[in-house]
Amino acid sequence: MTLPIAVLVSGRGSNLQAILDACASAELDARVAIVVSNHAGVPALQRAALAGVPSAVFTVRAYADRDAAHTAMAATIAGIGAELVVLAGFDHILAPVFFVRLRGVPVINLHPALLPLFGGRGMHGDKVHQAVLSSGATESGCTVHRVHPETVDLGEVVVQRRVPVLPGDDAATLAARVLDEEHIAIVEAIRRFVPAEAVTRV
Ligand code: GRF
């Protein structure tokens, strides 16, 4: 069964693109039912439009507060029948009401490091890669993990992919190497949620 998913984005959308491409090539038995952003006018929304996928924008500014924005966002996602929520470069922590409204729908997030290392509040973007470099670690990578209310980067790991940290790396070169693996990991993680085909024996 083709899995209907909602992808939440905030910016560039290269991971969204990897998901759209995998769905289009039938490499992944899933369908992006909606792209949701918390910022208007970001490149990820253009990617959705080019792929003919509906999108919606929920800025906190347009609502009373984060709870109200995330309640409206969850209602839209529930209404479209998404069976998996994928945070692919989404830069807000989801309000607990989001999970209440979407009870039973799994939520996964992509993080550009090997959790539980280099995660938690405030650890995003180049800060993550800078922390990896400062630690002297010889490898990094990315993690797709489950998301639960009131926690950041602590949910069960779904997929991890590793990359070496190379001599001379800076945050930009390491980020680029990790990003290539993110594009593979996010598709692999979504695949884990696609219901297995019923086996018919004759
Ligand atoms: C990725 O590095 C992801 O791990 C992090 O945000 C970035 C999003 O990149 N959560 P993109 O918007 O998918 O290109």
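Modeller: Here a salt bridge is taken as a side-chain nitrogen of Lys or Arg within 4 Å of a carboxyl oxygen of Asp or Glu. Please keep in mind that this is a predicted model.

Colleague: With that cut-off, how many salt bridges does a search of the whole structure find?

Modeller: The search covers the whole structure, and the number of salt bridges it returns is six.

Colleague: Which residue forms a salt bridge with Arg191?

Modeller: Arg191 lies in helix H6 (residues 171-191), whereas its partner is in the loop between H1 and strand E2 (30-37), so the pair ties together parts that are 164 residues apart in sequence. The closest N and O atoms are 3.8 Å apart, which falls under the cut-off because a salt bridge requires such atoms within 4 Å. The partner is Glu27.

Colleague: Turning to the ligand, which residue has a side-chain N or O atom 2.5 Å from an oxygen atom of the ligand?

Modeller: The ligand is surrounded by several residues, including Arg12, Gly13, Ser14, Asn15, Leu110 and His111. A polar side-chain atom of Asn15 lies 2.8 Å from a ligand oxygen, and a polar backbone atom of Leu110 is 3.1 Å from a ligand nitrogen. The side chain with an N or O atom at 2.5 Å from a ligand oxygen is that of Ser14.

Colleague: How much of the ligand's area does the protein bury?

Modeller: The space taken by the ligand is the largest pocket, and helix H1 (14-24) and strand E5 (107-111) each supply at least two residues of the shell. That shell has two nonpolar, five polar and two charged residues. Taken alone, the ligand exposes 370 Å², and the share of this that the protein buries is 82%.

Key:
Residues are numbered from 1 along each chain as its sequence is written. This is a predicted model: local features need pLDDT of at least 70, side-chain atom pairs count only at pLDDT 80 or more; totals for chains, interfaces and linings use all residues. Side-chain values use heavy atoms; hydrogens and water are left out. A residue is near a molecule or strand if one of its heavy atoms lies within 4 Å of it. A polar contact is a pair of N or O atoms within 3.5 Å; within protein, one must be able to donate a hydrogen and the other to accept it, and residues adjacent in sequence count only if both atoms are side-chain atoms. Accessible areas come from the Shrake-Rupley method with a 1.4 Å probe; for residues, only the protein chains shown count as cover. On a 1 Å grid over the protein atoms alone, a cavity is a set of points where a 1.4 Å probe fits but cannot get out, and a pocket is an open set with protein on both sides within 12 Å along at least five of seven lines; lining residues have an atom within 4 Å of a point. A molecule sits in a cavity or pocket if more than half of its atoms lie within 2 Å of its grid points. Helices (H or I, at least four residues) and strands (E, at least two) are DSSP runs, numbered from the N terminus. Ala, Val, Leu, Ile, Met, Phe, Trp, Tyr, Cys and Pro count as nonpolar, Asp, Glu, Lys and Arg as charged, and the others, Gly among them, as polar.
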